[in-house]
Amino acid sequence: MAPAAVVTSSEPVSTTVDKLPLSNGHDAKSQYQELDASKLTYTFTTNPRPVPDEESACAGTETICTDHMITASWDIVTGWSTPELRPYGPLSLMPTASVLHYATECFEGLKAYRGYDGKLRLFRPDCNARRMLLSSTRISLPAFDPRELERLILALMAVDGPRWLPRDRKGSFLYLRPTLIGTQPQLGVQAPRQALLFITASFMPRMDAPPGGMRLHTSPEDMVRAWVGGFGYAKVGANYGPSLLATQEARKRGFGQVLWLYGPEGYCTEAGASNFFVIWRTPASEGGRLQLVTAPLDDKLILDGVTRRSVLQLARERLAEELDVVERRYTIGEVLKASREGRLIESFAAGTAYFVCPVSAIHHRGEDIEIPMIKGEGGQYTSKLKNWMRDIMYGNEQHEWGVVVEEREQ
Ligand SMILES: *Cc1c(COP(=O)(O)O)cnc(C)c1O
């Protein structure tokens with residue numbers, strides 16, 4: 001049975017990470033092996049590299065990874081190989097490998113945080129693992145039990161965490177990148193029968209507080225990032241390469257990211273590879289209510305960000321008396337109008353890479369929206385949400401979202 005068969009054509013692809021196929025539908029007697037983190041083998045590097053400081057690690061043009069990575073291969077008949085933790089290094093692929101031609105690739109991005117209490121934590125890794133399954137099956141890559149992927153991610157950090165994110169680097173993080181690619185060396189346009197999962201850990205610069213705030217330029221009139229019926233809700237590589245042209249153009253004009261609009265109405269969707277939020281007051285005629293507004297998930301245009309859902313949940317739990325949380329389609333025209341009428345209060349982008357990043361300006365077809373920054377930071381609600389998230393990530397607040405890594409003794 002092809003891995004694509006977990007998604008039948010009569011059944012739309014699930015976009016909520018909560019109900020997903022866990023297995024490839026093989027019966028117990030077949031030789032098919034499920035992904036099994038308990039079988040992980042360890043081959044440690046004999047040549048551990050010096051750990052750079054954060055600043056120099058991010059200064060170059062190459063991502064600096066830790067000493068080890070985890071790999072597991074998959075074959076449609078035999079299933080998942082024994083996962084291996086092994087020295088970080090190049091992969092070997094045939095030039096005809098599916099991923100290199102048909103973008104059979106998906107990935108995840110999450111961070112490991114060195115807490116102020118000395119513990120190492122991941123933030124809601126179960127959400128990333130489930131989303132990876134959603135992305136994988138969307139592009140005919142194999143299914144797996146997301147709990148096994150989560151265990152593998154924890155295992156990599158258990159080994160490389162102590163040395164690469166030492167206890168004296170409280171308040172620092174590493175970036176984890178689980179990736180799945182189609183490796184079958186055959187040029188036929190078809191679902192790959194072989195795949196490779198790998199997980200790396202690396203340095204990544206802090207991007208949550210660019211001087212003067214994040215400045216956004218709306219997308220060109222003739223481009224969209226994702227479309228209804230497409231795959232904007234999946235973290236597949238095919239979403240990103242084609243968006244870089246617009247980002248490059250926006251950068252040339254002095255902006256940090258593209259605010260991707262959709263359709264002739266100009267619906268606000270995402271800011272680069274982050275979810276986008278505004279806080280505005282509704283017109284007096286509509287009650288003058290304070291609202292935190294972001295694009296909805298149901299039309300499958302945007303990614304179901306872990307940061308997004310966490311921000312929404314915290315706002316609903318802790319700011320309910322002050323503002324309403326609204327997930328709905330809204331247009332750049334509404335944002336412009338709110339700005340002109342003095343009702344636009346705050347805006348931010350949210351995602352693992354940019355964390356919660358205040359937006360200070362939006363340029364749209366000759367018009368500039370300025371959003372006031374307080375002491376170079378976002379407004380009071382942006383700051384509150386950011387601090388609550390940070391406290392959970394770095395263990396200042398004990399919360400079920402913070403998953404502690406049991407580190408291996410060195
Ligand atoms: C990864 C990503 C996000 C953010 O998701 P998080 O889970 O919060 O990191 C948002 N939008 C796009 C398009 C992304 O690729």
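What you have here is a predicted model, so local features need pLDDT of at least 70, side-chain atom pairs count only at pLDDT 80 or more, and totals for chains, interfaces and linings use all residues. Residue numbers start from 1 along each chain as its sequence is written. The chain is assigned two domains, domain 1 (3-202) and domain 2 (214-378), with bounds that come from an automatic or database domain assignment. Helices (H or I, at least four residues) and strands (E, at least two) are DSSP runs, numbered from the N terminus.

**How the domains meet**

- The C-alpha centres of domain 1 and domain 2 sit 29 Å apart.
- Domain 1 puts 18 residues into the contact and domain 2 puts in 14 residues; two residues are in contact if their C-beta atoms, placed from the backbone, lie within 7 Å.
- On the domain 1 side, β5 (105-107), β6 (110-114) and α3 (125-138) are the elements giving two or more residues.
- The largest share of that side comes from α3, with six residues.
- Sorted by class, the domain 1 side holds eight nonpolar, four polar and six charged residues. Here Ala, Val, Leu, Ile, Met, Phe, Trp, Tyr, Cys and Pro count as nonpolar, Asp, Glu, Lys and Arg as charged, and the others, Gly among them, as polar.

**Around the ligand**

- There are 13 residues around the ligand, and G305, V306, T307, G351 and T352 come nearest. A residue makes the list if its C-beta atom, placed from the backbone, lies within 6 Å of the molecule.
- Both β13 (274-281) and α6 (306-318) supply at least two residues of this shell, and α6 gives the most, with three residues.
- The shell splits into three nonpolar, seven polar and three charged residues.

**Strand β14 and its partners**

- β14 (residues 290-294) is mostly covered, with four of its five residues buried. Buried means 20 or more other C-beta atoms within 10 Å of the residue's own, exposed means 12 or fewer, and partly exposed is in between, with C-beta atoms placed from the backbone.
- β14 pairs with β13 in the antiparallel sense over five bridges; strands pair if DSSP finds at least two bridges between them.
- One of the positions to look at is Q291, the bridge partner of W280, which also stands opposite D324 in β15.
- β15 (residues 324-327) runs parallel to β14, and four bridges join them.
- From β14 the chain goes through α6 to β15 in a right-handed β-α-β crossover. Right-handed means that, with the strands pointing away from the viewer, the path from the first strand over the helix to the second runs clockwise.

**Strand β8 and its partners**

- β8 (residues 173-182) is largely enclosed by the rest of the structure, because eight of its ten residues are buried.
- β5 pairs antiparallel with β8 over three bridges, and C106 stands opposite L180.
- β6 is also antiparallel to β8, through four bridges, with A112 opposite L174.
- β9 (residues 194-202) joins β8 in the antiparallel sense over eight bridges, and Y175 faces S202 there.

**D67 in its loop**

- D67 sits in the loop between α1 (54-57) and β2 (68-75).
- D67 counts as partly exposed because 18 other C-beta atoms lie within 10 Å.
- Leaving aside neighbours within four places in sequence, D67 is in contact with T45, P48, R49, P87, Y88 and D160.
- L156 is 89 residues from D67 in sequence, yet their C-alpha atoms are 9.9 Å apart in space.
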